[in-house]
Amino acid sequence: MKPTQTNTPDPLPTSMDSSLSPSTPTAGDILQLLIRTTHRLHTQFEEHLAMLGIPAYLTGPRVRVLIAIEEEGRIRMSDLATKLGIKARTVTQFVDALEQEALIHRTTDPDDRRATFLQLTDEAPPLIANARAAMSQASDQVLQSLSAEGRSQLQSLLFSL
C-alpha cells in the first residue's frame, strides 16, 4: 500500500513566524515563500488535472503552448517563444513532445525555408477544450481556501511585483 501524501506546507523561515519574531519578513523570506508556494501549487494543480482525466503528458505548460497555437491558427516557432516569453530551445522541447503525441505538426514556411510553422492536428481541439475545463476546475480547487476578497488582494499584490 502506498503511503498517503499530504500537501502540508514547509515551515516558514524563522523570521516569518510571527510567534518567534515580530520583525518584518525580509525580501529573501518572501521570495523563498513565493518559490515554495509556486512549487506546491504547481504540484497540486498537476495532481488535480490527473484526477480529472487529463493525460499526464499534457502538463499545464504544454496546454499553454497548445492554446497559444490555437489562438493563432498557425504560428512560427520563434513567434511562439516570444508570445510565451520563453526561450526558443524550450519551445522546441514542447513542440517535440506535443508532436510525438500527434497534437501538433510542423510545416515549412514557403517564404523562408529556415522558419517552421506550427499547427494543431484534428486531435488537439477536443483535448484542449477538456484541458481548459479541467484547468478551471483544478484552479478553483487549489485556490478554494481564498475568499473572493483574498483572491483580489493576492492578484493586486502579484501585479505590483
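This is a predicted model: local features need pLDDT of at least 70, side-chain atom pairs count only at pLDDT 80 or more; totals for chains, interfaces and linings use all residues.

Trainee: Got it. What's the strand order in the sheet?

Mentor: The order is E1-E3-E2, in an open sheet of 3 strands with antiparallel pairing.

Trainee: And which strands stand at the edges?

Mentor: Those are E1, residues 75–76, and E2, residues 104–109. Each has a single partner strand, so one side of each is left without a neighbour in the sheet.

Trainee: Okay, how many bridges are there between E2 and E3?

Mentor: There are 6, and the two strands pair in the antiparallel sense. E3 covers residues 112–120.

Trainee: Can you give me some residues to look for? Like, which residue is the bridge partner of Thr 108 in E3?

Mentor: Look for Thr 116 there. Thr 107, for its part, sits opposite Phe 117 of E3.

Trainee: And over on the E1 side, how many bridges join E1 to E3?

Mentor: You'll find 2 bridges there, with the strands running antiparallel. Have a look at Phe 117 again: Arg 76 stands opposite that residue.

Trainee: Switching to helices. At what angle do H2 and H3 pack?

Mentor: About 115°, with the axes 11 Å apart. H2 is residues 60–72, and H3 is residues 77–84.

Trainee: Is that crossing left-handed or right-handed?

Mentor: H2 goes past H3 in a right-handed crossing.

Trainee: Which residues make the contact?

Mentor: From H2, you have Arg 64, Val 65, Ala 68, Ile 69, Glu 71 and Glu 72. H3 brings in Leu 80, Lys 83 and Leu 84.

Trainee: How does that split by class?

Mentor: The contact between H2 and H3 has 5 nonpolar and 4 charged residues, with no polar ones.

Trainee: Last topic, then. What's the phi of Ala 102?

Mentor: Phi there is positive, about 60°, although Ala 102 isn't a glycine.

Trainee: Where is the place of Ala 102?

Mentor: Look in the loop between H4, which is residues 88–100, and E2.

Trainee: What's the relative accessible area of Ala 102?

Mentor: That comes out at 37%, so Ala 102 counts as partly exposed. The cut-offs are under 20% for buried and over 50% for exposed, with partly exposed in between.

Trainee: Great, thanks!

Key. Residues are numbered from 1 along each chain as its sequence is written. Side-chain values use heavy atoms; hydrogens and water are left out. Two strands pair if DSSP finds at least two bridges between them. Helices (H or I, at least four residues) and strands (E, at least two) are DSSP runs, numbered from the N terminus. Axes are lines fitted to C-alpha atoms, for helices over the stretch in contact, and angles run from 0 to 180 degrees between N-to-C directions. A crossing is left-handed if the near helix is turned anticlockwise from the far one by less than a right angle, and right-handed if clockwise. Contact means heavy atoms within 4.5 Å. Ala, Val, Leu, Ile, Met, Phe, Trp, Tyr, Cys and Pro count as nonpolar, Asp, Glu, Lys and Arg as charged, and the others, Gly among them, as polar. Buried means under 20% relative accessible area, exposed over 50%, partly exposed in between (1.4 Å probe, protein chains only).
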